[in-house]
Amino acid sequence: MDGAPIVVHPPSPTGGRRVTVHGGNILGLAHSDRDVVEFLRRAGLPDAEDLLDDPAWVKWRGGRAHEYEAA
């Protein structure tokens, strides 16, 4: 696998961050860490909360990790 399988994209102009998995499949638009954890749980990762700060699993692009305000 090349890079982290989960990508949290830069904040959108209206707030929230798109979350995708390897291959570009969109999981949803997150407005908080809780949203990201829920998307990952639905994708089959029950301990997703422990993965948010693990760069082997999650790549935060643009902006700071854990910030969801409008760009």
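User: Which residue of β3 does R18 stand opposite?

Analyst: In this predicted model, R18 stands opposite L29 in β3. Start with such a pair, then look at the strands around it. β2 and strand β3 (residues 25–30) are joined by five bridges. They run antiparallel.

User: What lies between β2 and β3 in the hairpin?

Analyst: Three residues separate the two strands of this hairpin. Check the backbone angles in the turn. G23 sits there with a positive phi of about 100 degrees.

User: How many residues lie between β1 and β2 in their hairpin?

Analyst: Five residues. G15 in that turn has a positive phi of about 100 degrees. The strands β1 and β2 run antiparallel, with four bridges between them.

User: Where does P13 lie, and is P13 buried or exposed?

Analyst: P13 is in the loop between β1 and β2 (17–21). For exposure, apply the cut-off: a relative accessible area over 50% counts as exposed. P13 has 71%, so it is exposed. Its contacts beyond four places in sequence are A70 and A71. From P13 to R42 the C-alpha distance is 26 Å, across 29 residues of sequence.

User: Does β1 run parallel or antiparallel to β4?

Analyst: Parallel, with three bridges joining β1 to β4. V7 pairs with K59 in β4. Now check the burial of β1. Five of its six residues are buried, so the strand is mostly covered under the 20% cut-off.

User: Which residues does V19 touch?

Analyst: Leaving out residues up to four places away in sequence, V19 touches I6, V7, V8, N25, I26, L27, G28, A30, V36 and F39.

User: Which residues of α1 are buried, and how are they arranged?

Analyst: Look down the helix axis. V36, V37, F39 and L40 are buried. The buried residues of α1 fall within an arc of 160 degrees, so they line one face of the helix. They pack against β1, β2 and β3. On the other side of α1, R34 and R42 are exposed.

User: What follows α1?

Analyst: G44 follows the helix, with a positive phi near 105 degrees.

User: How many salt bridges does a search of the whole structure find?

Analyst: Two. R41 and E38 meet through their side chains at 2.5 Å, N to O. R42 also forms a salt bridge with E38, with the closest N and O atoms 2.9 Å apart.

User: Why look at the spacing of R41, R42 and E38 along α1?

Analyst: Count along the helix. R41 and E38 are three residues apart in α1, so about one helical turn separates them. R42 and E38 are four residues apart, again about one helical turn. R41 is partly exposed at 44% relative accessibility. E38 is partly exposed too, at 26%. R42 is exposed, with a relative accessible area of 64%.

How values were computed
Residues numbered from 1 in each chain as written. Predicted model: local features only at pLDDT ≥ 70, side-chain atom pairs only at ≥ 80, totals over all residues. Heavy atoms only, no water. Contact = heavy atoms within 4.5 Å. Buried < 20%, exposed > 50% of the residue type's maximum accessible area, 1.4 Å probe, protein only. Pairing = 2+ DSSP bridges. Arc of directions from axis to C-beta. Salt bridge = Lys/Arg side-chain N within 4 Å of Asp/Glu carboxyl O.
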